[in-house]
Amino acid sequence: MNGQRREPFERPSSPSRRGSSYMPSTSARLESSHTPPRSSSRRESSYNPSTSAPRESRLETSSASGGVIRLRVAGLGHFVEIDVDPTITLGDLKYIIERKTDLPAPYQRLVAKRKKMDDDTMVLGPTVMDGNTIVSMGIGLEDRTKILMLHSPLFGKDKEGIEKLTGLNKEIDKIDLGRHNGDLNNKTVQEFIIQVMCKIDCVETNGSEALRKMRKSTIKQAEDVAHKSEEGKREVKPEDVAYKSEEGNTGVELEDMSHKSEDGNTGVGLEDKMEIPLLQSPQCEKENEGTEKLTALMKEIGRIDLGRRSRDLNNKTVQELIIQVMCKIDCVETYGLDALRKMRKSTIKKAEDVAHKSEANKRGVDP
């Protein structure tokens, strides 16, 4: 009996043992049942929108920087197709258009349908983001976007100077073409370039930085043609420097025609009883030209002073006329000649004296 009574006590111990032996299998099942959620949680973390969004933005940025969009720019008589990186700025695009159309970037106004294009610092493509931070605002131009090119408000202010410099650029191109084709000899090219440089000096920039850069570029273009002509001067051929005397005889300039004989001695190739006309040197011709201009301006200043003293001209008119004369004096080139420089300085002094006299008598003259 005692043994039978002990059986119930033994039986609970056996299930407990069984339970203890079963618990590992249960925990193993629980662990195995929890394993898929862990793997699924890892998958969810790899596709978490909060972490995947920056990666997508980075891919878009990298693809945009690596891609190219084609823009069609038309207007003002131009039509160009430009392949550009969408990460460049609007200002960069304007300089690309300047190289293709010769219209300076400050004078361009670009317009696209439903796009704001008034800030040169904005990138052409979509806005560049770094997380939640805006790195660069984007215009949002897409491939094959049509852009209309117009003149900016600054063009209207500088229009007169732009037209003058554009005409001078064309004139320089014609001189360079004549030099390249051999229609103009080196001496003629140098004289034409000097005349163009004087015209450039007469173009007023009126404080415009864009016009000043355009004027500087025109001067650089003229200097390049002059340097090319100077370099080609050493390879001058007789037909390139031929001229005719007053009698109609053709000759050549001796200073440009030096050559070496077979024995290596330098000579000009003169023959027996050859006629050599005596002409003025280019330096003398330039000095005479400047002297004539300054003499005429001195007479003009004298007439203005006479009108001031006789009161045929009021002070305001005198000041305006003197300013015009001073501009003409500035256009007279001295060519590095000391005599011409002194005469130019004397002419300026005379014009300033008349202006000072007019200013001193301003209170006693009727408006």
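Which two cysteines form a disulfide, and how far apart are their sulfur atoms?

## The disulfide

In this predicted model, C202 and C331 form a disulfide, with their sulfur atoms 1.6 Å apart. A search of the whole structure finds one disulfide. The pair links distant parts of the chain, the two residues being 129 residues apart: C202 lies in the loop between α6 (186–201) and α7 (209–232), whereas C331 lies in the loop between α9 and α10.

## The four-stranded sheet

Four strands form an open sheet of mixed pairing, in the order β2-β1-β6-β3. Because β2 (78–84) and β3 (108–112) stand at the edges and each has a single partner strand, one side of each is left without a neighbour in the sheet. On average, and with direction ignored, neighbouring strands of this sheet are turned by 30° against each other.

Helix α3 (residues 90–101) lies across β1 (69–75), β2, β3 and β6, and runs at about 130° to β2.

## The β4–β5 hairpin

Strand β4 (residues 128–130) and strand β5 (residues 133–136) are paired in the antiparallel sense over three bridges, with M129 standing opposite I134 in β5. The two strands form a hairpin with two residues between them, and G131 in the turn has a positive phi of about 70°.

## Helix α5 and its partners

Two packed helices are described by the angle between their axes and the distance between the axes. Helix α5 (residues 159–181) packs with α6 at an angle of about 170°, their axes lying 11 Å apart, which makes α5 roughly antiparallel to α6. The contact is made by L168, E171, I172, I175 and R179 of α5, together with V189, F192, I193, V196, K199 and I200 of α6. By class, the contact of α5 with α6 has eight nonpolar and three charged residues, and no polar ones.

With α7, helix α5 packs at an angle of about 15°, the axes being 10 Å apart, and α5 and α7 are therefore roughly parallel to each other. Helix α5 passes α7 in a left-handed crossing. On the α5 side the contact is made by G161, I162, L165, T166, L168, N169, I172, D173, I175, D176 and R179, and on the α7 side by L211, M214, R215, T218, Q221, A222, V225, K228 and S229. The residues of the contact of α5 with α7 divide into nine nonpolar, six polar and five charged.

## Helices α9 and α10

Helix α9 (residues 315–330) and helix α10 (residues 338–360) pack at an angle of about 165°, with axes 10 Å apart, so α9 is roughly antiparallel to α10. Helix α9 passes α10 in a left-handed crossing.

From α9, the residues that make the contact are N315, V318, Q319, I322, M326, I329 and D330; from α10, they are R344, T347, I348, A351, E352, V354, A355, S358 and E359. Sorted by class, the contact of α9 with α10 has eight nonpolar, four polar and four charged residues. The loop between α9 and α10 holds C331, which forms the disulfide with C202.

Methods
Residues numbered from 1 in each chain as written. Predicted model: local features only at pLDDT ≥ 70, side-chain atom pairs only at ≥ 80, totals over all residues. Heavy atoms only, no water. Pairing = 2+ DSSP bridges. Axes fitted to C-alpha atoms, helices over the stretch in contact; angles between N-to-C directions. Parallel < 35°, antiparallel > 145°, perpendicular 65-115°, else oblique. Left-handed = near helix turned anticlockwise from the far one by under 90°. Contact = heavy atoms within 4.5 Å. Nonpolar A, V, L, I, M, F, W, Y, C, P; charged D, E, K, R; others polar. Disulfide = S-S within 2.5 Å.
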